[in-house]
Amino acid sequence: MEKTAIVVGASDGIGKQTAIELSKIGYTVVGIGRNKAKLSQLAKQLQGKFETIQADMSLLSTTAQVATQILEHYAQIDLIIHTADVLLIKRQETSEGHELTLATNYLSRFLFNAILLDSLKKSPAPRIIHVAAAGMPFKLNVKDFPLPQSASSFKGHTVGQLANDYYGIMFSLKHPTVKINVLNPGMVNTNIRKKTESNFLVSMVMKMMERIAKPVGVEAYSHSVVDIALGKNQEANRTILINSKGKGIKLSKGLQNTAIQEHIWEQTEQLIKDQKLLKTTNQ
Ligand SMILES: NC(=O)c1ccc[n+]([C@@H]2O[C@H](COP(=O)([O-])OP(=O)(O)OC[C@H]3O[C@@H](n4cnc5c(N)ncnc54)[C@H](OP(=O)(O)O)[C@@H]3O)[C@@H](O)[C@H]2O)c1
């Protein structure tokens with residue numbers, strides 16, 4: 001049967017390559033990105049049935065509109081892959097008042113999945129994949145979330161990446177019929193670091209990091225994302241957090257803290273409800 005995959009952040013990097021591979025193996029692909037020219041390039045590389053949607057997914061109101069639009073066109077969704085993210089040096093806020101990196105790499109994902117959950121549950125093998133930075137050696141505390149107004153973009157980005165881990169754990173408890181994985185790609189050769197508006201010091205640090213870590217190619221990494229999506233990676237079928245080698249990551253004590261898991265979930269839901277974007281607690 002025909003399968004539909006939604007890739008958020010499909011105009012570049014891991015998302016783009018994964019969207020191309022999924023279309024090659026027969027998925028109907030809906031690729032979402034913010035850049036029109038890049039989406040046109042993507043469209044030339046997608047095969048079979050596909051759709052591209054230009055949208056700024058750092059905005060929760062836009063995220064809700066896009067998810068609703070998808071819901072109207074696709075009765076069943078089999079796979080959602082989130083890769084949208086940005087690295088910033090200076091704090092920037094969205095027009096909705098959220099720190100921009102956290103809004104992109106976490107808040108938007110939470111809302112998008114919530115709106116599409118019912119159509120995902122119609123799939124015989126539904127799956128969500130968040131490409132983030134699973135298993136970072138830090139934990140979140142109550143005071144980290146909601147993110148304080150004064151928080152830097154670095155803090156916002158880190159909290160967003162960590163919140164993906166807590167989200168994956170809570171989501172799998174709430175919705176055991178939907179498989180969810182949060183991935184840590186390690187270092188992959190994409191443009192994410194090059195897009196950072198940078199100064200001399202930052203670009204030197206980025207170059208040094210790349211020299212030491214020797215990034216893997218985006219094609220190779222995207223193959224492993226597709227394996228997970230297709231249920232071929234048995235560890236990813238059993239474990240939520242997955243490292244760059246496709247192996248399961250053991251949950252740290254911090255991540256096992258149920259009070260923090262619940263706090264982050266509830267606070268995220270509240271932030272979204274405050275914007276009147278989530279009508280019911282359907283998650
Ligand atoms: N690459 C790595 O080494 C690495 C390491 C650790 C974690 N990760 C994680 O892996 C994920 C994918 O990263 P990547 O390396 O593939 O990055 P990338 O090449 O920069 O791709 C990110 C994608 O997200 C899109 N995007 C960003 N902001 C958006 C917005 N507001 N609305 C819609 N789309 C937006 C980008 O659009 P544009 O094309 O317009 O920029 C791009 O298509 C991220 O979550 C990242 O944190 C990557």
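Predicted model: local features only at pLDDT ≥ 70, side-chain atom pairs only at ≥ 80, totals over all residues.

Q: Fine. How many residues surround the ligand, and which are the closest?

A: There are 30 residues around the ligand. Gly9, Asp12, Gly13, Asp85 and Thr190 are the closest.

Q: Which helix gives the largest share of the shell?

A: That is α1, with three residues. Both α1 (13–24) and α4 (100–120) supply at least two shell residues each.

Q: What does α1 pack on?

A: Helix α1 packs on α7, at an angle of about 60° with the axes 9 Å apart. That makes α1 oblique to α7. The crossing is right-handed.

Q: Which residues make that contact?

A: From α1, they are Gly13, Ile14, Gln17, Thr18, Glu21 and Leu22. From α7, they are Val218, Glu219, Tyr221, Ser222, Val225 and Val226. Six of these contact residues are nonpolar, four are polar and two are charged. Gly13 of α1 is in this contact, and Gly13 is also listed among the closest residues to the ligand.

Q: New topic. What order do the strands take in the sheet?

A: The sheet is open, with seven strands in the order β3-β2-β1-β4-β5-β6-β7. The pairing is parallel.

Q: Which strands sit at the edges?

A: β3 (50–54) and β7 (241–242) are the edge strands, each pairing on one side only.

Q: How many bridges link β1 and β2?

A: Five bridges, in the parallel sense, between β1 (residues 4–8) and β2 (residues 28–33). Alanine 5 stands opposite valine 29 of β2.

Q: Which strands does α4 lie across?

A: Helix α4 lies across β1, β4 (79–82) and β5 (127–131), at about 170° to β4. Helix α2 (residues 36–45) lies across β2 and β3, at about 175° to β3.

Q: Back to helix pairs. At what angle do α3 and α4 cross?

A: Roughly 30°, with the axes of α3 (residues 60–73) and α4 coming within 9 Å. That makes α3 roughly parallel to α4. The crossing is right-handed. On the α3 side the contact includes Leu60, Ala64 and Leu71, and on the α4 side it includes Leu107, Leu111 and Ile115. Its residues divide into eleven nonpolar, four polar and no charged.

Q: And α5 with α10: at what angle do they cross?

A: Roughly 100°. The axes of α5 (residues 153–174) and α10 (residues 258–274) come within 9 Å. That makes α5 roughly perpendicular to α10. Ala163, Tyr166, Ile169 and Met170 of α5 meet Ile260, Gln261, Ile264 and Trp265 of α10. Seven of the contact residues are nonpolar, one is polar and none is charged.

Q: What phi does lysine 214 have?

A: A positive one, about 50°, although lysine 214 is not a glycine. Lysine 214 is in the loop between α6 (200–213) and α7 (218–229). Most residues other than glycine have a negative phi.

Definitions and conventions. Residues numbered from 1 in each chain as written. Near = placed C-beta within 6 Å. Helix = DSSP H or I, 4+ residues; strand = E, 2+ residues; numbered from the N terminus. Axes fitted to C-alpha atoms, helices over the stretch in contact; angles between N-to-C directions. Parallel < 35°, antiparallel > 145°, perpendicular 65-115°, else oblique. Contact = placed C-beta atoms within 7 Å. Nonpolar A, V, L, I, M, F, W, Y, C, P; charged D, E, K, R; others polar. Left-handed = near helix turned anticlockwise from the far one by under 90°. Pairing = 2+ DSSP bridges.
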